[in-house]
Amino acid sequence: MKTKSALLCAGAAVAAFTAARAATRGNPAKWIAGKVVVITGGSRGLGLALAEEFGRYGARLVLAARDSSELEKAKRRLVACRIAPEEVLTVACDLIHADEAERLIREASRHFGRVDVLVNSAGVIHVGPVEQQSLEMFQEAMNSNFFSMLYTTHAVLPQMLERRSGRIANICSIGGKIPVPHLAPYVASKFAAVGFSETLHAELRPKGIRVTTVNPGLMRTGSYPNAIVVGRKNEEYRWFRIAASVPAIAHSARYAARKIFRAVCLERTEVEIGLEAWLAARVHGVAPGLVQSLGGLAESIILPAPGGDTVPVKGTDLISFPTSLWKRWSDVLTRRFNQPPA
């Protein structure tokens, strides 16, 4: 009888656990409420959209970025979305330095007691032909897109390992899976980020920590004014600006944020944003030569020819609007995601 009772109790416990897990999977908000979420690059763009999404479901937010005024503006936007101000901490820091990443995690843990989720969303992008991209531009891309992710992860791991729980979401890119001409520094850094993120997942999953690798395609985050451009700058900036803002090509940042939020809550290993990103990653997996040939075709037919100069310029200094309608649409995107005005 004792054995039978024990089996019944064990069965009931398993059933209760399964039911609770199924309920959480059906409604990710049940898991995230009250959790502490650190978002790098959280003052604008996708990082801000993610903060809105996590905050909407009761997460306690820590936003990190270099500019303190942008962070305060982002916090006001979150409060306007009915997120309690005491649930939002902002930390101005430059995460290309390991000690700044350690300070971020230390301040977040001191303020809220712990860090449950780390979302690495900070980054930069350089646009132009590879022969006109300087070594410094590659170094900047690696520092912002890869090493900042490494430093924050290294800083938060000890407490997650001690608790045997935690989640890390690394915003990589489909540019970390396939070659994209005229974005060489960005692609190189994102390939490194994808490899690091996937290895983290393999190594940390048995230790109770879940890592989600996020590979978006182009998104409408209004971030194109921040691009750093070389070569035939107006022509280079034109193709990038169009690709990053036209609805038929680029995906909604809020759609991406919802998908990433759900992937983190449901412990997804990897997620692509957009059918084209999903297909591109899989085609490259079975036929990398074909994808590289298509990239070469785009280089020859679509993208600007090499020329111009190697002096980098930000998109904010290159913007010109062919029509008033285009300017209005650009203003909508930049205002919506706290980007520099175009």
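Biologist: Is aspartate 309 buried, partly exposed or exposed, and what is its relative accessible area?

Modeller: This is a predicted model, in which local features need pLDDT of at least 70 and side-chain atom pairs count only at pLDDT 80 or more, while totals for chains, interfaces and linings use all residues. Residues are numbered from 1 along each chain as its sequence is written, and side-chain values use heavy atoms, with hydrogens and water left out. Buried means under 20% relative accessible area, exposed over 50%, and partly exposed in between (1.4 Å probe, protein chains only). Aspartate 309 therefore counts as partly exposed, its relative accessible area being 32%.

Biologist: With which residue does aspartate 309 form a salt bridge?

Modeller: A salt bridge requires a side-chain nitrogen of Lys or Arg within 4 Å of a carboxyl oxygen of Asp or Glu. For aspartate 309 the closest N and O atoms are 2.8 Å apart, and the partner is lysine 233.

Biologist: How many residues apart are glutamate 267 and arginine 167?

Modeller: These two side chains form a salt bridge with the closest N and O atoms 2.9 Å apart. Glutamate 267 lies in the loop between α9 (253–265) and β11 (270–273), whereas arginine 167 is in strand β6. Glutamate 267 is buried at 15% relative accessibility, and arginine 167 is buried at 10%.

Biologist: Which parts does the salt bridge between glutamate 270 and lysine 177 tie together?

Modeller: The side chains of glutamate 270 and lysine 177 meet at 3.0 Å, N to O. Glutamate 270 lies in one part and lysine 177 in the other, so the bridge ties together parts 93 residues apart in sequence: strand β11 and the loop between β6 and α7.

Biologist: Where does histidine 182 lie?

Modeller: Histidine 182 has a positive phi near 70°, although the residue is not glycine. At 6% relative accessibility, histidine 182 is buried. Its place is the loop between β6 and α7 (184–204).

Biologist: Where does arginine 164 lie?

Modeller: Arginine 164, also not a glycine, has a positive phi of about 55°. Its relative accessible area of 49% makes arginine 164 partly exposed. Its place is the loop between α6 and β6 (166–171).

Terms used:
Helix = DSSP H or I, 4+ residues; strand = E, 2+ residues; numbered from the N terminus.
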